[in-house]
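User: Hi! I've got a structure open here and would like to talk through a few spots in it. Could you help me out?

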Amino acid sequence: MTFRPPLLLLAAAFALATACTPGGGGGGGGGDDKTFDFWSFSAINQKLTVDAYQAKHPDIQIKLTEVGTSTETAQSLTTALAGGKVPDLVLIQGDNLPQFVEQPQNFVDLRTLGADDIKGDYLDWVWKQSVAKGGEVLGVPTDVGGMAVAYRTDLFAAAGLPTDRESVSALWPTWDAFIETGKRYKQATGKAFTDNAATSVFYQAVNQVSEKYYSEDRKLVYADNPQVKAAFDLGIKAATAGITAGQSSFESAWSAGMAQGQYAAVSAPSWMLNSIRSTAPDTKGKWDIATIPGGSGNWGGSYLAIPKRAKNPQAAWNYIKEMQSPQGQLEHFTRVGALPSTPSVYQDAGLVDAKDPFFTDAPTGKIYTDSLLGLKPFYIGPDSAAIGQEFLNAITNVEQSGGNPDTAWDDAVRNIKTAIGE
Amino acid sequence: MTAVTATLTPAPSAALPPPASPKGRRLGERLSAYAYIAPFFVLFAVFGLFPFAFTFYVALFDWNPIGDQVFIGADNFTRMFADPRFWNAAGNTVSIWFLSTVPQLLLALVLAHVLNHARLRFALFFRMSMLIPYVTSVAATAIVFAQLFDRDYGLLNWLLGLVGVEPVDFVQSTWGSHLLIATMVVWRWFGYTTLLYLASLQSVPRAVFEAAAIDGAGPWQRFRHITVPSLRPVIIFTVVTSTIGGLQIFTEPLLIASGAPLTCGAVRQCQTLTLFLYEQGFGQFEFGYGSAIGVALFAMVVVIAAVNYLLSTRIKADR
């Protein structure tokens, strides 16, 4: 009988009420500059980097909180900015960044701490995504998401397919060839070739475009952009070809399938390698990495930002400067495999010669930096994440719920219009 | 208290000896009653009334928690009524409510009737066992049921496979997901409802049942002509409470679709109204729009409560 729904908004009401209180958490009064709070998302092993920093600076205390997925971290950050206790340092995933760049008043303009001095170290198009309209710099890029395909050598061999990475890469110069390979695999084994069409095909292909959901001048073009439509059609084609296991990425059944060897090939942006490693530790040595069909592209990457009301922005900035320097990113790469956003290390032996034993000693540094060559950067806008999610849902609907593939595109566009209110 | 009395009562005239007049004591007692109930009403004002009023206020804005708040009047409501996602959520809510309430109340009726049987051994054990699902946490229930109904590794699909039925993807299909959520709701609440019915049944003199049996009424006739009529008020009560509960169902759909929890699946096949509210408010941070949905939900609950009032007065009139 109680009146529940508005009670859900109670939390929000309170957060907002405290937001209006002047001086709430601000001012930096009393905070010593030896400790700071750091919010990261889980499963990307920021702890290793934090530990490395603390080993070098034993007097600094970092309180690392792994909030959850990248989306959950962004949600928690929004709530905190609206009136809660903010961290001193926060990791924001690339797709979530634009909504914060639209509201720069919530963050420290990193130029005031010296961002202009280090700007030249980073890939220009990656850096630009964290620059607000007024020129404020909100974040420093930590990594980029070069793309590739991870495949199971043992399963490929069982299906009579080649297993060495050059021959496998040669199997799929295009996405159509990738789907054809999937059909060959399915014919030989009767089993699914890849985990799903939405992320392993559509999300990979749609991140290889030169213009995505927004045009260069920041207008919405997702509905009329032939490049997006082509990627979507590839996703639908893969979904209807019967080559997928229909397991949505990162769900528990997806993880179980990964561990049980149900997928012969999965999309592998550089940050995914860590996910495969932790999801299916027993499959070590059974994987290898081939190039992505259709050439270069970027999917993902993250930024470190400092909220305006941070108690200790200087300590957070010191951390950024040291750990996100070209040398720092190179070391991070050797620790967890995230691809540096600093091109000066792309020729470094530490990166070029790096081999990943989990993936049959694949030269991950070389494969992923090659996938960034010739990349044409596209603008990511405030609604990019929501638009991508609706496209993904439409493909999943065809793949898993028997949705009509012929109307999927129109349905997706209509849903996006409702979702973003345009 | 004496200080309060002293300041609030007029000074007693010198001619009248008792210093604290009966009138003054009465006032003190009256005030102390307000002091005793004050904590609830203060908390209610802070945690109930204020958020409630604030929700109506926010619903009139395009409210960005980390940016601007723009007054847009009733735009959120016009948008909501034109939003297919709202009607989809409303439809899902009604469907899940129907699928869970009807079997739940029928099951509880039958169980209460059986548990009230005179010759049932270990009756107390069986009655207490009814409460076990109710005390189990929703999250634990959801995790277990999601595994039982899993497409690839679920017990249910394994059983279906034994009789040659193709595996059903319960989470990804509309009817499957509604059925799954309804099953969880039934499991959680049937024991509670059974005990409500049983408590009410036990106020019916056993002699009535015995007399009916002597007159030749079978179990079914006793159920129809004694159990159900004597439970009428409490049946209406449970229908109304489960309707209000059904309108607010949140946790079960949130937990079963682990990949897309806020939409409960790729095409919002099991997204309920509260989940839609939460998605808009705390997933998309459209606080204004989320509040508008909250207001609509409130209106629906008020309508249900009005029906409740009308029904319960009718019952009184019948007696």
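User: Is His332(A) buried or exposed?
Analyst: His332(A) is buried: its relative accessible area is 10%, and buried means under 20%. Keep in mind that this is a predicted model.

User: Got it. Which element is His332(A) in?
Analyst: His332(A) sits in helix H15 of chain A, which covers residues 326-336.

User: And what does His332(A) touch, not counting residues up to four places away in sequence?
Analyst: Its contacts there are Gln46(A), Thr49(A), Gly337(A) and Ala338(A).

User: Thanks! Switching to the nonpolar cores: which residues touch the most other members in the largest one?
Analyst: That core has 52 residues, and the ones touching the most other members are Phe156(A), Trp172(A), Phe193(A), Phe202(A), Tyr213(A), Phe232(A) and Phe391(A). Elements of chain A giving two or more residues to this core include S5, helix H7 (153-158) and helix H18 (384-400).

User: What is Phe156(A) in contact with, leaving aside neighbours within four places in sequence?
Analyst: Among them are Tyr151(A), Leu161(A), Trp172(A), Phe193(A) and Ala264(A). There is also a second, separate core of 50 residues, which includes Trp254(A) and Tyr368(A).

User: Now the sheet with S5 in it: what's the strand order?
Analyst: The order is S6-S5-S7 in chain A, an open sheet of three strands with antiparallel pairing. Strands S6 (265-267) and S7 (287-290) of chain A are the edge strands, each pairing on one side only. The twist averages 25 degrees from one strand to the next.

User: How many bridges join S5 and S6(A)?
Analyst: Three bridges, with S5 of chain A spanning residues 149-152. Ala150(A) has Val266(A) in S6(A) as its bridge partner.

Key
Residues numbered from 1 in each chain as written. Chains lettered and ligands numbered in written order. Predicted model: local features only at pLDDT ≥ 70, side-chain atom pairs only at ≥ 80, totals over all residues. Heavy atoms only, no water. Pairing = 2+ DSSP bridges. Helix = DSSP H or I, 4+ residues; strand = E, 2+ residues; numbered from the N terminus. Axes fitted to C-alpha atoms, helices over the stretch in contact; angles between N-to-C directions. Core = buried A, V, L, I, M, F, W, Y, C linked by side-chain atoms within 4.5 Å. Buried < 20%, exposed > 50% of the residue type's maximum accessible area, 1.4 Å probe, protein only. Contact = heavy atoms within 4.5 Å.
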